[in-house]
Amino acid sequence: MKKIILAFVFAVLVPLQACAQETWKEGEHYTIINETATDKPVINEFFSYWCPHCFQFEPIAKKIQEKMGDDVKFEKVHVNFMGFTSTETQDDASRALMVARALKKEDALSTAIFRYIHVQKSSITNIKDLKNIFMVNGVEEADFDKLVSSFGVNSMLKKNNKLVQEYRNHLRGVPNFIVNGKYQAKFTRDMTNDDIVNLIVWLSKQK
């Protein structure tokens, strides 16, 4: 009986895998940007708080996180080369993201920053504006002040900016997904939101 069940499972999985390989084609849906993949699966979403497409993409990013495997790490990487505002202000936003990550409130506070810019139509000019957003959303002033220039936040910020520099030549716009350090997702006009999610999840399983 066990042999019959295993045979059935194998018969179902193999066609599904073959279908995925036929659906997602190199050059059309993804490009290979490195020869080797990272040791552990990781999805990097390069984004900007000032980018309206990134704001609209947030529900899709959340679906990716829900559908990806437990062994996959999902990490947002904030860029500082967009033309919406100064590099310094964008760097402040990157630092604020790291503070939110250190507080383990990244999702809620990141959403608050997006909404401040795109829903409330308010302007961010420096770290004080970002601090105010955090305080309005329940972060104690002392906690923000303690973390904003801490060793931990500085280390995370360096990692964030290092990733931006490492893949800068491949980042002509955002949102942009690089998976396992090897694959860069490409989205075609005929793709649905579910297609985008399935592509990213599939790429995270590739070596």
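In what order do the five strands of the open sheet stand? The order is 1-5-4-2-3, and the pairing is mixed, where two strands pair if DSSP finds at least two bridges between them. Strand 1 (30-32) and strand 3 (73-78) stand at the edges with a single partner strand each, so one side of each has no neighbour in the sheet. From one strand to the next, the twist averages 25 degrees.

The model is a predicted one, in which local features need pLDDT of at least 70 and side-chain atom pairs count only at pLDDT 80 or more, while totals for chains, interfaces and linings use all residues. Residues are numbered from 1 along each chain as its sequence is written, and side-chain values use heavy atoms, with hydrogens and water left out.

The protein chain has eight helices and five strands; these are DSSP runs numbered from the N terminus, with helices being H or I of at least four residues and strands E of at least two. Along the sequence they follow the pattern α-β-β-α-β-α-α-α-α-α-β-β-α. Of the 207 residues, 43% count as buried, a term that means under 20% relative accessible area, with exposed meaning over 50% and partly exposed in between (1.4 Å probe, protein chains only). Contact means heavy atoms within 4.5 Å. Among the contacts in the chain with a separation of 6 or more, 74% come from residues 24 or more positions apart.

Six of the six residues of strand 2 are buried. In a regular strand, side chains alternate between the two faces of the sheet. Here V42, N44 and F46 point one way, whereas I43, E45 and F47 point the other way. Strand 2 and strand 3 run parallel and are joined by six bridges, and F47 has H78 of strand 3 as its bridge partner. E45, which lies in strand 2, is buried with a relative accessible area of 0%. Leaving aside residues up to four places away in sequence, E45 touches F57, E58, A61, F74, E75, K76, V77, P175, N176 and F177.

One of these neighbours, P175, belongs to the loop between helix 7 (151-166) and strand 4. The peptide bond that joins V174 and P175 is cis, with omega about 5 degrees. Further along, strand 4 (residues 176-179) and strand 5 (residues 183-185) pair in the antiparallel sense over two bridges. V179 stands opposite Y183 of strand 5. The loop between strand 4 and strand 5 holds N180. N180 is not a glycine, yet has a positive phi of about 60 degrees, and at 2% relative accessibility N180 counts as buried.

Two packed helices are described by the angle and the distance between their axes. The axes of helix 3 and helix 6 (residues 141-148) come within 10 Å and cross at roughly 115 degrees. These two helices are therefore roughly perpendicular, a class that spans 65 to 115 degrees, with angles under 35 degrees counting as roughly parallel, over 145 as roughly antiparallel and the rest as oblique. Their crossing is right-handed; a crossing is right-handed if the near helix is turned clockwise from the far one by less than a right angle, and left-handed if anticlockwise. R95, V99 and A102 of helix 3 make the contact with F144, L147 and V148 of helix 6. By class, these residues are five nonpolar, no polar and one charged, where Ala, Val, Leu, Ile, Met, Phe, Trp, Tyr, Cys and Pro count as nonpolar, Asp, Glu, Lys and Arg as charged, and the others, Gly among them, as polar.

Helix 2 (residues 52-67) and helix 4 (residues 106-118) also have axes that come within 10 Å, and these cross at roughly 145 degrees. This crossing is left-handed. P52, C54, F55, E58 and K62 of helix 2 meet T111, F114, R115 and H118 of helix 4, giving four nonpolar, two polar and three charged residues.

Key
Axes are lines fitted to C-alpha atoms, for helices over the stretch in contact, and angles run from 0 to 180 degrees between N-to-C directions.
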